[in-house]
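These are my notebook entries on one structure.

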Amino acid sequence: MFTGGEDSSARIWDLRSRNLQCQRIFQVSAPVNCVCLHPNQGELFVGDQSGAIHIWDLKTDHNEQLIPEPDSSIQHISIDPEASLLAAINNKGNCYIWTLSRTKTERLSQLHPKTKIPAHKKYGLKCKFSPDCTLLATTSADQTVNIWRTADFSLKTTLTDSTQRWVWDCAFSGDSHYLVTASSDNKARLWSVEQAEIKREYSGHQKAVTALAFHDGITA
């Protein structure tokens with residue numbers, strides 16, 4: 001298990017320990033907003049409020065960092081399931097895309113700049129790749145979710161509703177055809193990505209819905 005906090009650190013926890021001891025600590029110079037585990041299970045990508053993205057090699061403890069945009073805050077980082085693309089969205093609404101690569105002689109995954117998407121005009125909150133790697137969803141304080149095609153990062157559609165407020169979080173269905181969103185209007189919504197329509201609303205919270213987890217895998 002890994003966590004990131006406002007104490008400017010990312011931590012790894014040993015779940016096998018009875019008292020859940022913190023196993024390792026990675027200290028940075030600003031509060032941590034997000035932590036993303038590489039599919040290779042060997043690297044953590046840490047985004048902080050100074051605008052830095054840190055790459056932490058869990059085997060060697062080596063780390064590197066980059067700052068895609070000065071005077072901004074990295075809000076969320078996402079890596080596609082094929083580990084070929086990394087996306088990071090900041091508080092200015094810009095989403096940066098890199099291609100990922102790593103050779104046997106390189107200590108860490110290498111990030112090669114691919115494009116910068118002016119995803120939203122207001123505060124960016126989340127970016128999530130679809131399971132089939134063909135789409136990227138970005139959420140924002142502008143009350144919308146934008147869906148981008150990863151083939152060329154053109155805008156496919158915008159998910160919006162008259163009562164929707166800040167969209168804090170989102171998650172794709174396993175087939176990438178649907179998206180679940182969490183909003184400040186106290187609701188979670190199930191959207192059809194292709195039709196850009198709400199299929200179901202989930203009401204019950206008395207205040208903003210700021211996070212969600214969704215898994216629709218088939219179990220025997």
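Entry 1, a definition first. I count as a polar contact a pair of N or O atoms within 3.5 Å; within protein, one must be able to donate a hydrogen and the other to accept it, and residues adjacent in sequence count only if both atoms are side-chain atoms. I also note that the model is predicted.

I located Tyr96 in strand E10, which spans residues 94-101. Leaving aside residues up to four places away in sequence, I listed what Tyr96 touches: Pro68, Glu69, Leu86, Ala87, Ala88, Asn90, Thr115 and Lys116. I also looked up the C-alpha distance from Tyr96 to Ala119, which is 9.3 Å across a sequence separation of 23 residues.

I found Ser78 in strand E8. With a relative accessible area of 8%, Ser78 falls under the 20% limit and is therefore buried. A polar atom of the Ser78 side chain lies 3.4 Å from the backbone nitrogen of Phe129. Phe129 is also among the residues that Ser78 touches, again not counting residues up to four places away in sequence; the others are Cys36, Leu85, Leu86, Ala87, Cys127 and Lys128.

I recorded a space of about 230 Å³ for the largest pocket. Which residues line the largest pocket? I read off Ser78, Ile79, Pro81, Lys128, Phe129, Ser130, Pro131, Cys170, Ala171, Phe172 and Phe214. Strand E8 (74-79), strand E12 (124-129) and strand E16 (167-172) are the elements that give two or more residues to this lining. E16 gives the most, with 3 residues.

I followed E16 to its partner E17, with which E16 pairs in the antiparallel sense over 5 bridges. Cys170, one of the residues lining the pocket, has Thr181 in E17 as its bridge partner. The hairpin of E16 and E17 has 5 residues between the strands, and there Ser176 takes a positive phi near 70°. Strand E17 (residues 178-183) is mostly covered, with 5 of its 6 residues buried. E17 pairs in turn with strand E18 (residues 187-192), antiparallel and over 5 bridges. In this pairing I noted Leu179 opposite Trp191 in E18. E17 and E18 form a hairpin with 3 residues between them, and Asn186 in the turn has a positive phi of about 75°.

I recorded an open sheet of 3 strands in the order E1-E2-E3, with antiparallel pairing. Its edge strands are E1 (2-5) and E3 (22-27), each of which pairs on one side only. From one strand to the next, the twist averages 20°. How many bridges join strand E2 to E3? I counted 5 between E2 (residues 9-13) and E3, and the two run antiparallel. Arg11 stands opposite Ile25 in E3.

Methods:
Residues are numbered from 1 along each chain as its sequence is written. This is a predicted model: local features need pLDDT of at least 70, side-chain atom pairs count only at pLDDT 80 or more; totals for chains, interfaces and linings use all residues. Side-chain values use heavy atoms; hydrogens and water are left out. Helices (H or I, at least four residues) and strands (E, at least two) are DSSP runs, numbered from the N terminus. Contact means heavy atoms within 4.5 Å. Two strands pair if DSSP finds at least two bridges between them. Axes are lines fitted to C-alpha atoms, for helices over the stretch in contact, and angles run from 0 to 180 degrees between N-to-C directions. On a 1 Å grid over the protein atoms alone, a cavity is a set of points where a 1.4 Å probe fits but cannot get out, and a pocket is an open set with protein on both sides within 12 Å along at least five of seven lines; lining residues have an atom within 4 Å of a point. Grid points are joined across faces, edges and corners, and a volume is the space filled by probe spheres set on the points. Buried means under 20% relative accessible area, exposed over 50%, partly exposed in between (1.4 Å probe, protein chains only).
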